[in-house]
Amino acid sequence: MLPLSGRGRSRNGDVTSVPVEHLDYSFIQSCSDLKHLEQILRVLRSGQEGFYPHLIEFCERHIEKLDPKSRVLRKENRAATAACFSTEEWRNISEDLQMWERSIRTDEAELKRCAIFSDAENVPPVRSSNSLVQQTVSSSSALTAQEKDVLARREKDKGNEAFRSGDYEEAVAYYSRSLSLASSAAAFNNRAQAHIRLQRWSAALSDCEAVLQLEPENIKAVLLMEPHNTTALKLLTDETEQHQERRSTGRKILIQEVDEDAQDEDRQKRDVSEGESGIMGNTHKTPSCTNRQTDGPNGQTDISSDDTPAGAPPPGHAHLKNEENTLLENREEKHTQAAAEFERLKDEGSGSFRSGCYQEAAERYTEALCYIKLQRFTEARQDCDSALQLQPTNKKAFYRRALANKGLKDYLACRSDLQQVLRLDASVTEAEQLLMEPCNACEFVQALTAARSQDDLLTCAELLRSVASERLPRFMGWQLDAHTLSFVTRALNTHLLHTHPELVYTHLQQLHDTHRLTTVLMMLGRDERSQLSQLFQNLRSVQTEAFSQHDITNLANKYL
Amino acid sequence: MSAALEKPQIIAHLQKSLNYTVFESRWIPCSAKFVCMGNFARGTGVMQIYEIQHGELHLVKEIEKPKPIKCGTFGATSLQQRHLATGDFDGNLNVWNLEAPDCPVFSVKAHKEIVNAVDGVGGLGIGDGAPEIVTGSRDGTVKVWDSRQKDTPVVNMEPMEGETKRDCWTVAFGTVKVWDSRQKDTPVVNMEPMEGETKRDCWTVAFGHAFNDQDRCVCAGYDNGDIKLFDLRNMSLRWETNIKNGVCSLEFDRKDINMNKLVATSLEGKFHVFDMRTQHPTKGFASVSEKAHKSTVWQVRHLPQNREVFMTAGGAGNLHLWKYEYPAQRTKKGADDVDMGVAGSVTLLQNVTLSTQPISSLDWSPDKQGLCVCSSFDQSIRVLIVTKLSTV
């Protein structure tokens, strides 16, 4: 490998060390050593071995693939001119500049016209000796309104920059300074966001309220309350988990965790909320939604540039509602006070930008949802009624009313509402489930009888699955007879054993406490007994931690 | 390519050829006007005020002065007054009212040699505290002035003859003089070298850390590569370092916040970005350096509307637009369990070649994002528009 040229200055030492064989397409293609490729490129560009433009381009492309930020790829560009842009763009740019010229000229004239304040009194004294940024700008009294605006905007920009680089305390200080000069919705909004990052919920709330007072149509404040609630809910779930002394996993997936945390809700409520999340149809989307919202402050430019709130486009509107609903579902009953505050603001917020009948209806049923969550079922039902008046085909309103009715123990009304839902949209599985789900003994028995009459083991299995073991005695108590018992046994044996052996076991345990079981057991026929013993045999073969062989033997002895 | 079009574009909007050497151009705050300062071939100084009108540059005023003018700033004046503070080849610091430029509002013979650089703080609502002007000169001194104190400097930190106690002064080859235009004859702060020390040319000065009434820092860059950071609150040398090549230009990303970043440009095409939030007792501030321009980097200017974006002007007549990105963690624990800073990274957004001569000065308009004026040694000034800065 001969050096290319005799002269090699130390700076261009690479020129001498690249052999000619390397100036080749196949070599460049196969080479992945960036430094060497850069040397090759330099040699090619220098033209010492001849001028091969295509090879140069090829080498550049290859380097770009390996390292887009490589320094050798920097090209000298000419300044852009009007010709580089489309007519539309250029027109925008030049018009923008002209508008600015005009406005700045008027501003300047305004400035000159103002009396020159002798600001000697207000300037700090000559230097003769607190490293916290002060919360208010001193000596602001003598400034004109225009000057105050300029300064306020500057402080706000400083706050934005501090926010973007993660110094939230500093950002709050700058926003406060901006607000002390001239209050603006944008500064309040941004300060609310900074408070949220610092997890100061009450401060954030008060700032959001201030915004809405200033500008009731402010979409950003409403949007702020979404991430506000997201992160607030995250905090709530954190607290709940701490209460229950559970280790919190890294990335919190709101719905699942909140559902698991709901210990004071009975299981039906949980099912309800699961059902609701199904109906909203965006269970799996929610983490991304919430993440997107929390990423909002960082990504969106409307913090930095626009002071005017952005209008909510219709798809965003629907999306917002979905999110609202999803977030609403995850309310914790424990923190009802906080929840009540959130929902109040949410309602205000949602009320503020909606218009029109549909929106009224939507508002109503969202309120209804709030009420349901807080177990204020009468109000919920009222809201649903009004929603349905406005929009008679709203299946969500029906569903909500069904829930409300269930809460009020008006099961007939509940059923009819659920059937309405199914009529409107047969694919709503949650309504079906709710229908299926027995909420009291009557329903359970009815369902069971119905299933038994059709000899529908599957339905029976479903039914048993959806029922808590503890309730089984109460449900079954009055209707328990040999026939029913054998039916239940068969269902357990065939369907439930494979999927939920633990459930089978607990069911059997609980069932044993049923009032009439002993009597029934005595009246069991031979077939039924063999089925029971088979069930226990199968149970024994199942390996699980919930119960041991010993437990099964005990239980079997009780039954047989 | 759409990817290319989404990058900020630098548009050469207006250009004007002048008949004098222009050293500095500065926007007049709250207006569409800027001032160019330089010297005529006959050896007198000149200030010209241009205004952008209907897509053209119109000469509004021309002011001629006896001495060539090297640098100027609006930093220490109020928004209503908008007085320009200039340093000239003779070592004078003058503050002019551009509406009545015959007589300066404040004038003092600040240095024995040419005033290389001037900076102001406390005016225009930038920075709390007294409005002050700092000048750096070829005589190696840097002084801070306050115009209210006419006779004596606000603080005088001259080292005495024969005393060796102040280590900072033995290494401070240059002195720093801080002027307040209210104090006429003596600087507010004066930090001079010891007798017998070789004086170093101070090429650039910058104010920073001026977020309340008391705190303020002055950073000075010298021709041997020294960068010294003086804390005016404690009147001490807070930090110094040497970047091996003469420091052409220094700027804090914002003057009126807790010091965040400092960019220092130098000869040989390098510039350094220091993260000023965490100072390590021995290692100082963390920095990242970048090589660009293939020649001296004459100026660095941060975008007033976004402190992470800055433009560097090079000796080959080119401009590079950069964006700084913070690292995931700005501090980390060092070996001795003391916090040290972590520097981020700098990415090139756009570059453009405007002329063959160095671009000696650059100034962003504080009122319109993306509008900037630059002047170069080919005796021309250009007004540029940089697009898409809000999405950067």
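In which loop of chain B does His209(B) lie? His209(B) sits in the loop between β16 (202–208) and β17 (217–222) of chain B; strands here are DSSP runs of E with at least two residues, helices are runs of H or I with at least four, and both are numbered from the N terminus. This is a predicted model, in which local features need pLDDT of at least 70 and side-chain atom pairs count only at pLDDT 80 or more, while totals for chains, interfaces and linings use all residues. Residues are numbered from 1 along each chain as its sequence is written, chains are lettered from A and ligands numbered from 1 in the order in which they are written, and side-chain values use heavy atoms, with hydrogens and water left out.

Most residues other than glycine have a negative phi. His209(B) has a positive phi of about 60° although it is not a glycine. At 6% relative accessibility, His209(B) is buried (buried means under 20% relative accessible area, exposed over 50%, and partly exposed in between, with a 1.4 Å probe and protein chains only). Gln379(B), also not a glycine, has a positive phi near 60°. You will find Gln379(B) in the loop between β31 (371–376) and β32 (380–386) of chain B, and with a relative accessible area of 30% it is partly exposed.

Now for the strands of chain B. Strands β2, β3, β4 and β5 of chain B form an open antiparallel sheet in that order, where two strands count as paired if DSSP finds at least two bridges between them. Its edges are β2 (21–27) and β5 (56–65), each of which pairs on one side only. On average, neighbouring strands in this sheet are turned by 25° against each other, direction ignored; axes are lines fitted to C-alpha atoms, for helices over the stretch in contact, and angles run from 0 to 180 degrees between N-to-C directions. Chain A reaches this sheet too: its helix α5 (residues 87–113) packs on the sheet and touches β3 and β4 (45–53) of chain B, its direction making about 120° with that of β4(B). Contact here means heavy atoms within 4.5 Å. Within the sheet, six bridges join β2(B) to β3 (residues 33–39) of chain B, and Trp27(B) stands opposite Phe34(B).

Further along chain B, strand β26 (residues 318–325) is mostly covered, with seven of its eight residues buried. It pairs with β25 (residues 306–314) in the antiparallel sense over five bridges, and Ala313(B) faces Leu319(B) across that pairing. Three residues lie between the two strands of this hairpin, where Gly317(B) takes a positive phi near 75°. Strand β26(B) also pairs with β29 (residues 345–353) of chain B, antiparallel over eight bridges; there, Tyr324(B) stands opposite Val346(B).

For a clear pair of faces, look at β9 (residues 106–109) of chain B. In a regular strand the side chains alternate between the two faces of the sheet. In β9(B), Phe106(B) and Val108(B) make up the covered face, while Ser107(B) and Lys109(B) make up the uncovered one.

Chain A reads quite simply: 28 helices and zero strands. Of its 560 residues, 48% count as buried. One of its salt bridges joins Glu60(A) and Arg45(A) (2.7 Å, N to O); the term covers a side-chain nitrogen of Lys or Arg within 4 Å of a carboxyl oxygen of Asp or Glu. Because Glu60(A) lies in helix α4 (residues 53–66) and Arg45(A) in helix α3 (residues 34–46), this pair ties together parts that are 15 residues apart in sequence. Glu60(A) is buried at 14% relative accessible area, whereas Arg45(A) is partly exposed at 36%. Glu60(A) also meets Lys75(A) in a salt bridge (3.3 Å, N to O).

Finally, see how the chains meet. In all, 76 residues of chain B are in contact with 58 residues of chain A. About 5500 Å² is buried between them, 50% of it from carbon and sulfur atoms; this is the accessible area (1.4 Å probe) that two parts lose on being put together, summed over both. There are 10 salt bridges between the chains, and Glu51(B) and Arg105(A) meet in a salt bridge at 3.2 Å, N to O. Asp167(A), Glu170(A), Asp275(B), Arg277(B) and Arg330(B) are linked in a network of salt bridges.
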